[in-house]
Amino acid sequence: MQAWQVHENGEPSEVMRLADVETPTPGDGQVLLKVRAANINFPDVLMCRGHYQVRPPLPFTPGVEICGETEDGRRVLANPALPYGGFAEYAVADAAALLPAPESLDDAEAAALHIGYQTGWFALHRRAGLEAGETLLVHAAAGGVGSAAVQLGKAAGARVIGVVGGADKAAVARELGCDVVVDRKSEDVIAAVKEATGGRGADVVYDPVGGEAYTQSTKVVAFEGRIVVVGFASGEIPSPGLNHALVKNYSILGLHWGLYNVRNPKLVQHCHEQLTELAARGAVKPLVSERVPLAGAAAAVQRVGDGLTTGRVAVVPNGAGA
């Protein structure tokens, strides 16, 4: 079969190589899946660079999120068991963690209704307790993780403010349903959010960016607001001033979604049921901006790493889900 492999760490476009390799053999409790669509996530970029908290042994195949097909023809969602990731014709996954692919979504959309949406659901509902009528601020609102949070926030009845970088991404954020869009490249984020909230600030801030975005978050979070830290796409991990959290009465909440697979997998299943229901009634629909063939995976991963994409980019090895 064909698979992309990383033999050394570096930029994805330089270290990912497409090769003919042996089809992997599943271990105990694992299954072999034909990859119907694999979504590109920022952790794929970080793993190529050697900067992710999980460092699979070299060589490895990236791709942490797929819609696959079992030997008996079922469409399922899975997080492949590295080093046999999703940017390949076949991947390996733990049988106990498979989730049924929603019938209302095609392969690429279904694959995208997993990590990003699970992260958003746990962040907004489990950690932050977002309520209808509250104001939600989403950084990187046009990206894969941010776009999911925007849709989930709207589905929960929140007023959503999206922060983006550039006019094209601002247009995408509006189409996603943001009530207010702030272009950080042409606007003062802090002033714009304060104006949009009458000086009150945002009840919940969803931050997959870190760095300057986190600093902005602390200045626009409302009294008894909650900042949910879900990642550091900027490459800069902030050092919060806890005296500031005390003075303003806000909470800083961390979210590592993968821990729920270990600590409370039943809650992951419950979340998937909730997301499947939302998708079935059209309340959420993953934004898949590109579907690329397997040969285009390395270039696509690089574009995600460079912040040049919107929504999700899906790798479609065999033309399915296009």
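**Notes on the sheet and its helices**

1. Helix 7 (residues 189-196) lies across strand 8, strand 9 and strand 10, and runs at about 165° to strand 9. Helices (H or I, at least four residues) and strands (E, at least two) are DSSP runs numbered from the N terminus, while angles run from 0 to 180 degrees between N-to-C directions, with axes fitted to C-alpha atoms, for helices over the stretch in contact.

2. This is a predicted model, in which local features need pLDDT of at least 70 and side-chain atom pairs count only at pLDDT 80 or more, whereas totals for chains, interfaces and linings use all residues. Residues are numbered from 1 along each chain as its sequence is written, and side-chain values use heavy atoms, leaving out hydrogens and water.

3. The open sheet has six strands in the order 10-9-8-11-12-13, with parallel pairing (two strands pair if DSSP finds at least two bridges between them). Strand 10 (180-183) and strand 13 (251-254) stand at the edges with a single partner strand each, so one side of each is left without a neighbour in the sheet.

4. Strand 8 (residues 135-139) and strand 9 (residues 159-164) run parallel and are joined by five bridges; the bridge partner of L137 in strand 9 is I161. Helix 5 packs on the sheet, touching strand 8, strand 9 and strand 11 (202-207), and its direction makes about 170° with that of strand 8; contact here means heavy atoms within 4.5 Å.

5. Helix 4 (residues 115-127) packs against helix 5 (residues 144-155) at an angle of about 50°, with their axes 8 Å apart.
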